[in-house]
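Dear colleague,

Please find the structure below, followed by a short account of what was found in it.

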Amino acid sequence: MKPHSDKMENLEFKSLKNARDFSSLTTENGKHIRPGAVIRSGSLYNLKKSDLKLLKEKYNLKAVIDLRSMHEKENKPDTLPEGARYYENPYYNEATLAITSGMGSDVLTALKTSKNKQELYNYVPDLKSVYPLMASSEYTVSQMAQCLRIIFNNREGSVIFHCTAGKDRTGVTAAVLLRILGVQEKDIIDDYLYTNVRYKSISSFYGRLALIFLRDKPLAEKVKKVFLVDREYYEAFFNEIDNVYGCFDNFVKDGLKLTDEEIEGFKDYILI
């Protein structure tokens with residue numbers, strides 16, 4: 001399924017990676033999501049002044065929820081516009097961090113410094129195996145619940161939630177949020193896969209670079225895929241929810257521990 005890029009390409013940022021709101025999506029009962037109220041993106045590291053101005057003046061940004069690890073945040077701290085509150089909300093604890101570390105902008109360093117191909121193979125994460133961990137880890141689920149509650153309680157201006165590239169941790173959080181709101185599944189998948197439109201060129205660049213450095217086509221393909229998302233990853237996450245909780249509704253109730261009152265209150269605000 002190809003994402004509808006004409007629907008998703010709706011925010012005009014120059015340096016905020018992979019950013020979009022959900023105003024192009026509709027719920028199963030025909031409601032729309034309030035434009036600009038909730039934005040998913042990559043990190044806010046080193047934002048251009050024009051984007052900071054846009055976040056403050058157009059979107060009235062009030063909250064930034066950072067899903068990254070401490071190491072990621074220390075290496076590339078967020079740049080915040082005046083008036084925005086910052087929430088540290090890492091999705092991985094020490095028990096899962098080692099097997100879920102992404103490559104991001106460290107790819108070039110890894111290609112240059114890895115002592116052998118096996119070391120680099122081990123460095124590049126297998127994303128299909130990472131996604132179920134985000135559904136089965138009690139720590140990650142509790143952090144996701146906290147992220148959603150911050151979003152639910154933000155009724156003034158906009159809120160951004162993000163990880164490093166805005167595709168995996170951010171992607172599953174967006175999918176869970178949109179399911180809770182009753183957005184049609186095909187549109188949720190479109191939003192998730194739209195990351196591949198945004199990162200197509202950088203994925204190809206690093207894939208070619210890996211091939212030049214390593215002369216190993218399978219490894220170069222693995223490097224290339226780490227910048228992209230796949231419907232298999234999406235399905236692995238939700239299949240694990242079914243395995244652990246029985247169904248999505250149980251995940252919301254028993255895993256995220258969100259109440260009907262919280263959900264309906266947010267829907268009353270966010271859906272127009």
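**Strand pairing and a helix contact**

Strand E1 (residues 20-21) and strand E2 are joined by two bridges and run antiparallel; strands (E, at least two residues) and helices (H or I, at least four) are DSSP runs numbered from the N terminus, and two strands pair if DSSP finds at least two bridges between them. Arginine 20 has arginine 40 in E2 as its bridge partner.

The model is predicted, with local features requiring pLDDT of at least 70 and side-chain atom pairs pLDDT 80 or more, while totals for chains, interfaces and linings use all residues. Residues are numbered from 1 along each chain as its sequence is written, and side-chain values use heavy atoms, leaving out hydrogens and water.

E2 also pairs with strand E5 (residues 158-162), in the parallel sense and over four bridges. There, isoleucine 39 stands opposite isoleucine 160. From E2 (residues 38-41), Val38 and Arg40 point one way and Ile39 and Ser41 the other, and all are buried (under 20% relative accessible area, 1.4 Å probe, protein chains only).

Elsewhere, the axes of helix H9 (residues 169-181) and helix H16 (residues 260-270) come within 10 Å and cross at roughly 90°; axes are lines fitted to C-alpha atoms over the stretch in contact, with angles from 0 to 180 degrees between N-to-C directions. H9 is therefore roughly perpendicular to H16 (65 to 115 degrees). Leu177, Ile180 and Leu181 in H9 meet Ile263, Phe266, Lys267 and Ile270 in H16, where contact means heavy atoms within 4.5 Å.

Yours sincerely

Terms used: Parallel < 35°, antiparallel > 145°, perpendicular 65-115°, else oblique. Buried < 20%, exposed > 50% of the residue type's maximum accessible area, 1.4 Å probe, protein only.
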